[in-house]
Amino acid sequence: MSRVYTEIPSSGGATGGSRLTDISICRDLPNIEVITFSVNGISDLEPLRQCLNLTELYLRKNNITSLNELFYLKNLPQLRVLWLSENPCCGSDPHRYRMTVLRNLPSLQKLDNQAVTEEELSQALVDGEEITAPPPRRGVDNGCPGSSESSAAESTAETERELLSFTLEETNKIREELGMKPVPRDKFSSFSPRETDCNQKEKNNVLNAILLLTKELDVEGLEIVQQTVGRRLQALQKKELQEE
């Protein structure tokens, strides 16, 4: 049986464009085995606690600020490979960082592309810090922004532009997978960036889920999706003509 795999690279590159920050879609992917989220803006690993079949997790160069995020990975029984380097949580003491990760995830066979030894696992019990609680959250309720200072900061113009760009990019990826033309930015701009509330996030998650799941379908399954999408598009276009 083939492994269930997903890769979501950053589209920002050196210019600092849109990057993935919300991975709540992972709550709906309990059978995922390999996840590549390297070079993005992820800071919260809580959604990964549901991925009980996860064996490899690549999170290099994100925005994970606290090693307490490892709390959400401690109960993943199959996790064997973790790449966490180049995150703020690594700090300035590489030995303490590595020992803390291995103390809390002793089943790892490779950390940051370096094999884990029995000697390291023993030393981690002495030098590593045990993590017993998740990091504190501010102004977040079920993944939706609250009215705190952190949610206010998220509503800056730069963040809004990133959210819009990410939504447009993901939408066009899905349309490309289904053989459809991309949506021009001028037509997509009718979605106000300020409408990035829980409902908009839910829509984004549905789009992401569709994109991920289409990769698992065979020809017959993709043909069914294409027919369904075609009928749906015809119905929506007919509705738009009637409204005009």
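Visitor: What lies 3.3 Å from a polar atom of the R103 side chain?
Guide: The backbone oxygen of L125 lies 3.3 Å from that side-chain polar atom of R103. A polar contact here is a pair of N or O atoms within 3.5 Å; within protein, one must be able to donate a hydrogen and the other to accept it, and residues adjacent in sequence count only if both atoms are side-chain atoms. This is a predicted model: local features need pLDDT of at least 70, side-chain atom pairs need 80 or more, and totals for chains, interfaces and linings use all residues. Residues are numbered from 1 along each chain as its sequence is written, and side-chain values use heavy atoms, with hydrogens and water left out.

Visitor: Where does R103 sit?
Guide: R103 is in helix α1, residues 94–104. Helices (H or I, at least four residues) and strands (E, at least two) are DSSP runs, numbered from the N terminus.

Visitor: And which residues does R103 touch?
Guide: Leaving out residues up to four places away in sequence, R103 touches A124, L125, G128, E129 and E130. Contact means heavy atoms within 4.5 Å. S122 is 19 residues from R103 in sequence, with 8.6 Å between their C-alpha atoms.

Visitor: OK, helix α2. Which residues there are buried?
Guide: E120, L121 and A124 are buried in α2, residues 118–127. Those buried residues fall within an arc of 100° seen down the axis, so they line one face of the helix. The arc is that of the directions from the helix axis to the C-beta atoms.

Visitor: What does that face pack against?
Guide: The buried residues of α2 pack against α1 and β6 (114–115). On the other side of α2, E118, E119, L125 and V126 are exposed.

Visitor: Switching topic. Which residues touch the most other members of the largest nonpolar core?
Guide: L73 and L82, out of 37 residues in that core. Helices α1 and α2 each supply at least two residues. α1 gives the most, with four. A nonpolar core is a set of buried Ala, Val, Leu, Ile, Met, Phe, Trp, Tyr and Cys residues joined through side-chain atoms within 4.5 Å.

Visitor: What is L73 in contact with?
Guide: L45, L48, L57, L79, L82 and L105, leaving aside neighbours within four places in sequence.

Visitor: What about E46?
Guide: E46 lies in the loop between β2 (34–36) and β3 (56–58). E46 counts as buried because its relative accessibility is 17%. Its side chain makes a polar contact of 2.5 Å with that of R27. Beyond four places in sequence, E46 touches R27, E69 and Y72.

Visitor: Why is the F71 and Y72 pair edge-to-face?
Guide: The ring centres of F71 and Y72 are 5.8 Å apart and the planes are at 80°, so the pair is edge-to-face. Rings of Phe, Tyr and Trp (its six-membered ring) pair if their centres lie within 6.5 Å; planes under 30 degrees apart count as stacked, over 60 as edge-to-face and the rest as tilted. Y72 is buried at 6% relative accessibility, and F71 is partly exposed at 22%.

Visitor: Last one: how confident is the model?
Guide: The average pLDDT is 76, and 62% of the residues score at least 70. Over residues 140–157 the pLDDT is below 50. pLDDT is the predictor's confidence in each residue, from 0 to 100. Where pLDDT is low, the predicted coordinates should not be read in detail.

Technical notes: Buried < 20%, exposed > 50% of the residue type's maximum accessible area, 1.4 Å probe, protein only.
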